[in-house]
Amino acid sequence: MDDGIDYGRYEEGRDVNYWELDRTLQRELRRTYADEAFEWAEPRLEAFGETVGHVIADNADYIDDHGPELEPYDKHGEIQNRVRYPAEQVENERLTYEAGIVADVFEAPPGREEPMPLSHNLAMQYLLCYADPGFDCPVAMTAGAALVLEKFGDESLEPYLEALTSRDYEELIEGAMFLTEKQGGSDVGANETRAEYDATEECWRLSGEKWFCSNIDAEGTLALARTEDAPEGTAGLSMFLVPHADPDRFDGPVTKGDRLEDGPLAPDEVNDQLYRRLKDKLGTISVPTGEVEFTGATSILVGEEKEGFRQMAEMLNLERLSNAAASCGIVGRVLLESKIYAANREAFGKPIDQHPLMRADLVDMAVDHEAATTYVFEAARLLSERERVERAGEDANEADDAYRLMRLLIPIAKLRTARMAVDTASYGMEVHGGNGYVNDFVTNRMLRDAQVLPIWEGTENVLSLDVLRALEREDAHEPLRETIEERLEGAAHPVLADPVETVESEYHDLMSALATLAGEDGEYAQLSAKRLAHYVFDVFTAALLLERAQEGLEEGNGRTALVAIRFVANELERPEARGITNGERFALEAFDPIVRYAPVDPERLVERFPIAD
């Protein structure tokens, strides 16, 4: 019988296959993908998990100490905007993009007749973030830029779309988003960058400053700017593609292969912009982030004028889920490192994972990981379905409920998992003691990299306000209600009776909270927005986990039932005397199933785990 994973046989969380060790991700993707899609994807995800664990992880540690360097001027004082990358970064890029992380969701990969769903891109990003969340930023923006050009681009942008979605590294370009300006920040409508049409050259030229530009030298950069006579606020913004190289000098985009073969651009080949400096960041060293001054940069209008904010919103759905997938990957890596360290580190005469407090901590870290991954890939499933319907030209009304629910779930996914990644990375450092605080151990970098996730793609406050907009404009509470009720109705196994009752009670309170906010003024709604977002996550995730629990019990394994029971107890129950007086020993008895993925006979659950009685 399978006793679960023996983490004591590993020295650390590298030189391993991250796909093989993450049975939570395996389960969610097996459930999320169509059968034929998962059959195609599984060996490729396994191969990518091997590559990330054995090559990309080591390279990422080196890059963290020897990151990209900016050389804005050449020796004659001319602007060259050169970013110098270590060879290890180029190797990681080649291995990742040629594995199809972006290409496979835009064009049918070898062996398939149609592209993979967007959730496949997110799954690969998740695995990549076991090693390098910083590099995942360019990957996510490359996919996001491709999505915008696919939806809104014309023939002039087709070469850039083809290069963004290339599975041949030599023909590839990367994407970026230059949205943030010093005076605006999260208030995108305050952007001041201007776009003027040059009738002589028949092109647009951008002038202005962008303040936080990740993947600064991308050839497929999207930027927001205001055209002449455009109104103030978001309604006046247009979207432009701003190449790194001057497009008037080249017949099409300058690819990775061009740069490797020809070296850095000459000053007269650089687009009219200055990369002033790279930010001296806490983490995510592998992605060069800097300040850009547009000085008449040649640009290509994407779609129609004054539609930039709407186009950006389409991109943000994918970018926010990318952020959430990155959070799950960090949680997965830190959890893996903690499991291995706790299985090998001895204190007071036995491995520390045999001590009750550490067992409880690892159980709760594993439950958080399971909850985050389940929620994120449910949101990814909805986004993938929406994109499938649009690409197929089917009746969008049939996917309306999925879209409305997706609009609510995505900002919450990013909000909650980003905070979870920071907290988990911080505690993973504590598990390692003093070693965890030292740069030689990966927990140091994972915490530094995780800290940007609550900031990228919208802070927690901004996302909470977006939740209110989804509820007000999309009536998202309706599909939310239907989905939760459906999941709870299906969780009928006797072992789940108590947690189902708890979740049903909290669900009714959540609906009451939504009704209350609908009748209150905007100021009060904003005061409650963050609490509401976390409340939706807790109740919705509990319903999802109970559904997974029912499926597991029907298949003869009670492990997911234990996960659901623990999540409900941690997030939705209010035990008397904080649980100290109830005699509960759940973490001790559920350790092997939850932490080591050991199977559990459903018939023994009530007997072995009184909490489920």
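A: What follows goes through the spaces, then the salt bridges, then one surface patch.

This is a predicted model, so local features need pLDDT of at least 70 and side-chain atom pairs count only at pLDDT 80 or more, while totals for chains, interfaces and linings use all residues. Residues are numbered from 1 along each chain as its sequence is written, and side-chain values use heavy atoms, with hydrogens and water left out.

Begin with the open space. The largest pocket has a volume of about 1200 Å³. A pocket is an open set of points on a 1 Å grid over the protein atoms alone, with protein on both sides within 12 Å along at least five of seven lines. Grid points join across faces, edges and corners, and a volume is the space filled by probe spheres set on them. Lining residues have an atom within 4 Å of a point.

The lining of the largest pocket counts 43 residues. Nearest its centre lie Met312, Leu316, Arg320, Glu457 and Gly458. Several elements give two or more residues to this lining: helix H6 (133-152), strand S5 (203-214), helix H9 (308-344), H11 and helix H13 (460-474). Helices (H or I, at least four residues) and strands (E, at least two) are DSSP runs, numbered from the N terminus. H9 provides the largest share, eight residues. By class, the pocket lining splits into 19 nonpolar, twelve polar and twelve charged residues. Here Ala, Val, Leu, Ile, Met, Phe, Trp, Tyr, Cys and Pro are nonpolar, Asp, Glu, Lys and Arg are charged, and the others, Gly among them, are polar.

The whole structure holds three cavities of 30 Å³ or more. A cavity is a set of grid points where a 1.4 Å probe fits but cannot get out.

The largest cavity takes in about 110 Å³ of space. It is lined by 13 residues, and the closest to its centre are Cys137, Ala140, Asn323, Trp456 and Glu457. H6 and H9 are the elements that give two or more residues to the cavity lining. H6 gives the most, with five residues. The lining of the largest cavity has seven nonpolar, three polar and three charged residues.

The second largest cavity has a volume of about 80 Å³. Its lining is made of Tyr7, Leu21, Asp22, Tyr130, Gly332, Leu335, Leu336, Lys339, His369 and Tyr597. Four of these residues come from H9, the largest share. Six residues of the lining of the second largest cavity are nonpolar, two are polar and two are charged.

Next come the charged pairs. There are 61 salt bridges in the structure. Each is a side-chain nitrogen of Lys or Arg within 4 Å of a carboxyl oxygen of Asp or Glu.

One of them joins arginine 276 and glutamate 293, at 3.6 Å from N to O. This pair links distant parts of the chain, with arginine 276 in strand S8 (residues 273-278) and glutamate 293 in strand S9 (residues 289-301), 17 residues apart. Arginine 276 counts as partly exposed because its relative accessibility is 26%. Buried means under 20% relative accessible area, exposed over 50%, and partly exposed in between (1.4 Å probe, protein chains only).

Another salt bridge joins arginine 445 and aspartate 449, at 3.5 Å from N to O. Both lie in helix H12, four residues apart, about one turn of the helix. Arginine 445 is buried, at 3% relative accessible area. Aspartate 449 is buried too, at 2%.

Aspartate 592 is partly exposed at 30% relative accessibility, whereas arginine 596 is buried at 18% relative accessible area.

Some charged residues form a network of salt bridges, among them Arg27, Glu28, Glu370, Arg381 and Arg559.

Last, the surface. Valine 438 lies in the loop between helix H11 (400-431) and helix H12 (442-450). Its relative accessibility is 37%, so valine 438 counts as partly exposed.
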